[in-house]
Each structure stands twice: as C-alpha cells, then as structure tokens.
Amino acid sequence: MRLIILGGVAAGTKAAARARREYPDAEVMILTQDDYVAYAGCGLPYYVGGIISEAQELIVRTPDEFKHENGIDVRTRCQATAIDPSAREVRARDLDTGIEQTYGYDKLILATGALPVLPAIDGIHLKRVATVRGLTDAKKIRVLVDSGKLRHAVVVGGGFIGLEMAENLAHRGLQVSVVEMRDAILPGFDPEIAALAKKALEEHGVGIYTGETVQRVLGNASGEATGVVTTERTLDADLVILSAGIKPNTAIAAAAGVETDARGMILVDEYLRTNLPDIFAVGDCASVRHQMTDLDVYSPMGSTANKTGRLVVANLIEPRETFAGVLGTTIVRLFDVSAARTGLSEEEARAAGHDVETVLVPTPDRAHYYPGNKPIITKLIADRATHRILGAQVFGEGVVDKPIDTLAMGIALGMTAEQLSGMDLAYTPPFASALNSSIVAANVLLNKLDGKLRGVSPCALELDNPNQQLLDVRTEPEYLIAAIPNSINIPLPELRERIDELDPEKSTVVVCKVGRRAYGAALLLRRLGFRDVKILDGGMTAWPYETV
Amino acid sequence: MAEYRINARGLQCPGPIMQLFTQMKSAEPGDLVMIEVTDVGFKKDIEAWCRKTKNTLVSLIENDGVITAQVRKG
C-alpha cells in the first residue's frame, strides 16, 4: 500500500506515524509546501512572546527524524498542485527547483490545513504586516520584535490567535490594539464572557476596538507598515498582525471533485472519508460533526487535528473506527484570566431551537478560606424542558480548565442540571470548595428552572428604563467602591424597614456582589408583593461595564 | 498613634471590607490598620475604597495567596 498524506503539521504527521505502526509494509509519504513538519502551531504566539525561547522547541520531529527513525518519506517545500482521483495520482511541484512530479497512491489523506483570510484592503503586502499560520510566519515576527525597534502593534481579529498574539506582544513591551469587526471578541463565547475578557485585556493596557473594520494599512517610504486606518480611527502600528480568521485550504481537493461546503471545508463522514474512494480528510481542512446538533461544523482546533489524524488510519482499508465529533470545547488564557467553553453557547442553543435557561455564577475556584483561591465565573446553558445542560463557559483568574473538562464530559453524556448538582467531585480545600463551583452553578440553575429565581444578564440590563428600579443590597462600603450607575443602595439587613423607598409596581432588578444576597432580597420582595423581581446574573463580580 | 490588626482571612464579601470599615470608624486620624485577607477581590476593592474615603493605603502585598493591606486613617 502506498499512502500519501498532503500536509505535515498536526493531523498529517499524526496519521503518518500511526500508519507506519499499523501497516509496517506500507510506503508512507508526506508532501508539504511548508519548510517544517510536525510543529506545534498552537505554540506560535508564545514563541513570539519569548515564553518559548527558540523555534526548535516547537518542532516535535524534523523531516530527517521522520525519514530515518520512522521510514516516512517527507518532502518539504513540495506543493501539491492537482489530484487525479481516477488515476490515483497527485501532482506536486518542488518549490526550489520548480520541477513537477506525479506520485501514485493507493490511499490519500488530505491534511492540508487552513489558510489565513486576508482582508481585501490596501497595504496588506507592506513589510511588517504578518499572518501567524506557520513557523515561518512566527520566526519573521519574532525577528522584528527582537529588534527592539517596534513600539505599536495592531492585531486585526479578536479570535484566539489574535488575542494570544496581543498578550504576547504586550509582554514584549509593545503597545497593542486589537481591531475586531464583530461586536465582541472571543468568537463562540457568549457576550457576558466576551465583555469580561475585553475588560481584562483593557486593564492590561491592550486597546480593544470592536465593531470596527480595518480599511487600510498605512506605510512609509521604505514600504514598512506605520499604521492602520479603521472605520473609526487611525492607530499607530510598526507591526500589523492579520488574524481575521482562517479558511480551509482545499482548492486542489475541490478541483479534483472532493465535496466541500460553501466555506470550503471538505465534507467527511464519521469514518473521515470524503465522497471520493480512498480519499480521506482530517484536521483544519475537514468538517467535523457537532455532537450537540449533529451538524457538520468547522472546528479547526489542534486537539481535533491530532485526534482525527490518528483515527483516520484505522479506516484506510475498511471502515472501523468512527469519530465522535466535537462539542466546541476551547480554552484561552489572556494575561491573568482564562476563558473556556464547551457545548452550545446561549446563542447556538437558541438557534438550535431550545427553550433556554442560563445562569452566571461567581465562586472561588477552591475553598474560599484557602490562601491562593481565585475567582471564576461559571455560565451554564440548559434546556428548560429537559433540564439537560447544553453548554458551559468558565472565566476568571482561577482554574477554569478543570471545571470545563468536567462539564464537557457531562455534557457529552447528556447530563441534566440535577445530575450535575449531585456529581461526586474531588474536594479538599487546596483544590475545591465543599460545594464545587460547577455544583453551585447547577443549584442556581435548578432554582431558576423551578421558578424560584429569575435573572437578567448584565448584557441585557437596561440602565435607563423608567419603569425599572435597580436595587443594590450590598453594604455601604461595597457600594461606595463600585456601583452600577442609577442604582439604589439599601443593604439587605435594612431592606424590610426601608421598603417604602421602592415602588412595588416597577420591575425591580436586585444586585449584590455574586448573587447570594440578591436572591435573598428577591425572595423577600416577592413575598412583600413586588410585581416583577429579577436578580442581576453574576452580580457586580460579572459586571463588565462602567461603574461609579 | 495606635496600630490595629484584623485577621479577615477566610471571610468572603462583604466580610473583609466591613471589618476594615468598622475598625476605621473607631480609629483616630493617623492610626494604622493592618488587615489580612484571602479574598483576592479585596485587592481592587481596597484601592478604590481608600481613594474614595480619603484614607491612605500604605502598603498592599500578596504573599502565598494572603493579601495584607496597611491603611492609615486620614
């Protein structure tokens, strides 16, 4: 058997290495236009930031190691130009010599990855304008940053790579701005979490400009970038990072008749087979099934690339292993906060037709009295009818990877709010609270599902509604430190005696620091006949906007 | 001038800031209050509180997860 793999980063090399083990007699060949294979693409921002000191630390295996230790024929700087499925041949051009050659295959795995989406604007070909797709890109940026001459950077695109680049460039002493055309950064996260991430980045001096489109890159006489013009402003930029999304790199596959969707991703079945015989697709060029919606989605993640690259090898001769699909689990660290998500976002859940209930619950990440505990905020998204947890997002300075992985596991297995509430999770003060953060969130969710409590998202709170009163039940010193504009402060212990200061006919939103005191106040107000009482989800802790 | 020490470790909101508030009310101008807290949110709170109440934040350190603030009245 001759196996050809197009692409040699994560999915391609994973497939090659396993194919070598599973089919010792097969000929395995990797063709890639890149200079490198088997490098940790997700580590590129940290290499620019200097946390990874040298590029070689990101290279898992060199082409020579593959050849000599694994017997895999790796051709770098070798660009596939055409696939002929009927003849079972790939044509490829050597980028150094320009010579084209034809390679016959019995099985073909497409692991061609993705390409950056370049905005169609003037100036993107100037010097010091860069994308961050490969090691070659990152090395170029690192050299520029190491020169010590850069002062301002503009990152176009507020997705994970863009924000990680922003953080790393800020660590290197640059003044960084992020321009995002959508209304929020962190795609896939709900607005409450995205707004908190924005606030955290701004507190670290990173300018975040959402709802603005980059119109052109300005340059000097030497052809170097000097600034970026957006729809709202002009920003200084000695370095412009283009990270406004990626698209599947599938032009030659599509030209050969491999089925792709409108955005270009190769459609594969659960065995990772394309529509054409003996052609498979894995990693950032291929679709994956979403476990919650059963739809084919584009989820270009390193974790998925490694899994599918490994799994596809089992199916080369006959279909044997199926890929379970993805939940959309992702995580990102931004300075001293992290954001993680899994399952459906609130928006995705509504789009999928669910009647949705959500909670936003701040807790410490371990026992509140144990030194070193840090705050996290858990958002749960559930179906009102079945109580099934559809999605979760966790944000904060504390540990978020543990809860998100626990929640991902439960969500994948169809867990309800009741089941989460009763989950037997590891507890001792250095690691968790006696009531684990996810369990507290489940309990708040159950209170909402039972109708004991109604909430309003900080992103949906109206500050100038004359028919609404915003009641802050924290103590005076807390209120003095920071409060939402136009709120009334009546500390919870005084609420009963000062009830005349409030209008029971108005809708009332109660706020405290995390929600516990607000819940108590809301129960009291309802007993006292207040018509419409809600609490502010997440309290002041999750309030991402201006305070007075 | 008197010095006071508050152990507010283990207290969550509003415990630490309320204990400080109460102690500062009974203190004389120039008195020094030291408070130890394990609630990390306290770091931001104490800075804002001192600014708004015109008390002086003499020091604010975090060591092994314990935040220690020294506040001088006035």
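Modeller: Let us begin with contact: two residues are in contact if their C-beta atoms, placed from the backbone, lie within 7 Å. By that rule, 16 residues of chain A are in contact with 19 residues of chain B. The model is predicted, with local features needing pLDDT of at least 70 and side-chain atom pairs counting only at pLDDT 80 or more, while totals for chains, interfaces and linings use all residues. Residues are numbered from 1 along each chain as its sequence is written, and chains are lettered from A and ligands numbered from 1 in the order in which they are written.

Biologist: Which helix gives the largest share of the side of chain A that touches chain B?

Modeller: Helix H13 (residues 476–481) of chain A does, with four residues. Helices (H or I, at least four residues) and strands (E, at least two) are DSSP runs, numbered from the N terminus. By class, this side of chain A has seven nonpolar, four polar and five charged residues. Here Ala, Val, Leu, Ile, Met, Phe, Trp, Tyr, Cys and Pro count as nonpolar, Asp, Glu, Lys and Arg as charged, and the others, Gly among them, as polar.

Biologist: Why are H1(A) and H8(A) called roughly parallel to each other?

Modeller: The axes of helix H1 (residues 11–22) and helix H8 (residues 302–311) of chain A cross at roughly 30° and come within 7 Å. Axes are lines fitted to C-alpha atoms, for helices over the stretch in contact, and angles run from 0 to 180 degrees between N-to-C directions. Angles under 35 degrees count as roughly parallel, over 145 as roughly antiparallel, 65 to 115 as roughly perpendicular and the rest as oblique. H1(A) and H8(A) are therefore roughly parallel.

Biologist: Which residues meet where H1(A) and H8(A) touch?

Modeller: Those in H1(A) include A:Ala11 and A:Arg18, and those in H8(A) include A:Ala305 and A:Arg310. The contact has three nonpolar, four polar and three charged residues.

Biologist: What makes S4(A) and S6(A) edge strands?

Modeller: Three strands form an open antiparallel sheet in the order S4-S5-S6 in chain A. Strand S4 (78–84) and strand S6 (100–104) each pair on one side only. Two strands pair if DSSP finds at least two bridges between them. S4(A) and strand S5 (residues 89–94) of chain A are joined in the antiparallel sense by six bridges, and A:Asp84 stands opposite A:Glu89 in S5(A).

Biologist: How do you know that S14(A) pairs with S15(A)?

Modeller: Strand S15 (residues 234–236) of chain A and S14(A) have three bridges between them, and a hairpin joins these strands through three residues. Five bridges also join strand S13 (residues 214–219) to strand S14 (residues 225–230) of chain A. S13(A) and S14(A) form a hairpin with five residues between them, and A:Gly223 in the turn has a positive phi of about 80°.

Biologist: Why does A:Asp294 count as exposed, and why does A:His387 count as partly exposed?

Modeller: A residue is buried if 20 or more other C-beta atoms lie within 10 Å of its own, exposed if 12 or fewer, and partly exposed in between, with C-beta atoms placed from the backbone. A:Asp294 has 10 C-beta neighbours inside 10 Å and therefore counts as exposed. A:His387 has 18 C-beta neighbours inside 10 Å, so A:His387 counts as partly exposed.

Biologist: What is the phi of A:Asp294, and what is that of A:His387?

Modeller: Phi of A:Asp294 is near 65°, and A:His387 has a positive phi of about 65° although it is not a glycine. Most residues other than glycine have a negative phi.
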